[in-house]
Amino acid sequence: MNAVVVGERFIDEDWYGEQLTGRTWQSCAFVEVDLTEVSTSGCRFENCTFDRCRLNVSTHDQSAFTACSFSMTNFFDATLDGCKLDGSSFARCTLRPLTVRGGSWWGVTMVGAELEGQSLRDVRLREADLSEADLRNVDLRGADLSGVSLRAARLDGADLRGATLLGADLGGLRVRGAKFDLAGALALAESLGAVVET
């Protein structure tokens, strides 16, 4: 395989268990491709589309999926270790269970995503759109949620201690049983129109 692939379409291909290192795909389309148990290390997917693909039990180490579009794609039991997903969007994808260790998800669009019980600890989610997402019992400790949209999201039981919420849209948020540190609690109170005096 070429180290850099540009503008190719991969349709109904079987990449089961492939081990990919240091490869780059730019503006490529993956349609119904079986990527089950694929392992990537230091790979880059830039402005690619993934439609009805299977990434079940795949592992990705320091790989990047930037400005990519995922639709009806299955990430069941996938692992993202230090990956960069900046500017990518997810629509009707299966995202549970998913193992995430750090990484940058700046500006991702995950409206209505079902992430209940997952860990997004220390993930950079700055300016992401998580509107209406199911984030119940999600571990968001230390996450950068600056400028994120959490409008009408469900955060019941979530742990946001140490998370940065500067400029976050918290309108209509459901937070019964959620854990905040002082800074987070102040940000939530101010989003509800409270005047906080110290």
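Residues are numbered from 1 along each chain as its sequence is written, and side-chain values use heavy atoms, with hydrogens and water left out. Because the model is predicted, local features need pLDDT of at least 70 and side-chain atom pairs count only at pLDDT 80 or more, while totals for chains, interfaces and linings use all residues.

The structure holds 15 aromatic pairs, where rings of Phe, Tyr and Trp (its six-membered ring) pair if their centres lie within 6.5 Å, and planes under 30 degrees apart count as stacked, over 60 as edge-to-face and the rest as tilted. Phe30 and Phe50 form a stacked pair, at 4.7 Å centre to centre with 5° between the planes. Phe30 lies in strand β5 (residues 29-31) and Phe50 in strand β8 (residues 49-51), so the pair ties together parts that are 20 residues apart in sequence; strands are DSSP runs (E, at least two residues), numbered from the N terminus. The rings of Phe70 and Phe75, by contrast, are edge-to-face because their planes stand at 65°, with centres 5.4 Å apart.

Ala133 is buried, with a relative accessible area of 0%, and the C-alpha atoms of Ala133 and Arg154 are separated by 6.3 Å although these residues are 21 residues apart along the chain.

Definitions and conventions. Buried means under 20% relative accessible area, exposed over 50%, partly exposed in between (1.4 Å probe, protein chains only). Helices (H or I, at least four residues) and strands (E, at least two) are DSSP runs, numbered from the N terminus.
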